[in-house]
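Dear colleague,

Please find below the structure that I am handing over to you, together with its sequence.

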Amino acid sequence: MKKLNMDLKAMGEKRLLQLNELDEFRMEAYENSRIYKERAKKWHDMHIQRCEFMVGQKVLLYNSRLKLFPGKLRSKWSGPYTITQVFPHGAVEITHDSKGTFKVNGQRLKYYWDGDFSKEKSTGHRLFMHVTWIELASP
């Protein structure tokens with residue numbers, strides 16, 4: 001060890017090898033990061049659902065300004081709006097009775113499903129609870 005510490009030429013060569021090894025580790029990390037990002041992008045692109053909107057459909061609009069007001073239970077979607085015109089490249093013109101007509105990015109919209117599902121669900125739930133009560137009440 002003392003000989004190595006005294007020999008400046010050997011010490012310099014060892015230090016150069018360490019620096020080259022460090023550069024190799026860094027380049028390998030960059031390569032692994034690039035491969036990971038490519039795979040993540042490929043997976044993300046496979047799972048994107050494209051929405052094709054048509055005139056007359058009802059949609060909900062994502063309210064991005066709502067982040068300023070705290071509240072877990074507050075809905076981030078407002079609407080329903082009716083589509084009046086579809087432009088190329090994803091722009092959509094929507095209208096609302098009280099808010100008027102304006103143009104938005106189609107990525108801020110999602111389909112609005114009309115219908116009252118609560119009555120069907122609650123009827124089935126009451127029926128299940130009634131049957132359960134009868135089964136528990138009988139000896």
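Which residue in E4 does Glu93 stand opposite? The residue is Lys103, and the strands around this pair are described below.

This is a predicted model, in which local features need pLDDT of at least 70 and side-chain atom pairs count only at pLDDT 80 or more, while totals for chains, interfaces and linings use all residues. Residues are numbered from 1 along each chain as its sequence is written, and side-chain values use heavy atoms, with hydrogens and water left out.

Overall architecture

The protein chain contains 3 helices and 5 strands, and from the N terminus its elements follow the order α-α-β-β-β-β-β-α. Helices (H or I, at least four residues) and strands (E, at least two) are DSSP runs, numbered from the N terminus. Of the 139 residues in the protein chain, 9% count as buried; buried means under 20% relative accessible area, exposed over 50%, and partly exposed in between, with a 1.4 Å probe and protein chains only.

Strand pairing

Two strands are taken to pair if DSSP finds at least two bridges between them. E1 and E2 pair in the antiparallel sense over 4 bridges, and Leu61 has Ser78 in E2 as its bridge partner. E2 is also joined by 4 bridges to strand E3 (residues 91-96), again in an antiparallel arrangement. Here Gln85 stands opposite Glu93, and Val86 stands opposite Val92. E3 is joined in turn to strand E4 (residues 100-105) by 6 bridges, and these two strands run antiparallel. Thr95 has Thr101 in E4 as its bridge partner.

Turns and backbone

E2 and E3 form a hairpin with 4 residues between them, whereas the hairpin from E3 to E4 passes through 3 residues. His89 lies in the loop between E2 and E3. Its phi is near 65°, a positive value in a residue other than glycine, and His89 is exposed, with a relative accessible area of 85%. A further backbone feature is the cis peptide bond that joins Gly79 and Pro80, with omega of about 15°; Pro80 lies in strand E2. Gly100 is placed in strand E4 and counts as partly exposed at 25% relative accessibility. Gly100 and Tyr81 are 19 residues apart in sequence, with a C-alpha to C-alpha distance of 9.7 Å.

Aromatic contacts

The structure holds 4 aromatic pairs. Rings of Phe, Tyr and Trp (its six-membered ring) pair if their centres lie within 6.5 Å; planes under 30 degrees apart count as stacked, over 60 as edge-to-face and the rest as tilted. Tyr62 and Trp77 form an edge-to-face pair, at 5.3 Å centre to centre and with 65° between the planes. Because Tyr62 lies in strand E1 (residues 58-62) and Trp77 in strand E2 (residues 77-86), the pair ties together parts that are 15 residues apart in sequence. Tyr62 counts as partly exposed at 21% relative accessibility, and Trp77 counts as partly exposed at 30%. Phe53, Tyr111 and Trp113 form one aromatic cluster.

The largest pocket

The largest pocket holds about 310 Å³ of space. On a 1 Å grid over the protein atoms alone, a pocket is an open set of points where a 1.4 Å probe fits, with protein on both sides within 12 Å along at least five of seven lines; lining residues have an atom within 4 Å of a point. Grid points are joined across faces, edges and corners, and a volume is the space filled by probe spheres set on the points. The lining comprises 14 residues, of which Arg50, Cys51, Phe53, Gly106 and Gln107 lie nearest the centre of the pocket. By class, 6 are nonpolar, 6 polar and 2 charged; Ala, Val, Leu, Ile, Met, Phe, Trp, Tyr, Cys and Pro count as nonpolar, Asp, Glu, Lys and Arg as charged, and the others, Gly among them, as polar.

With kind regards
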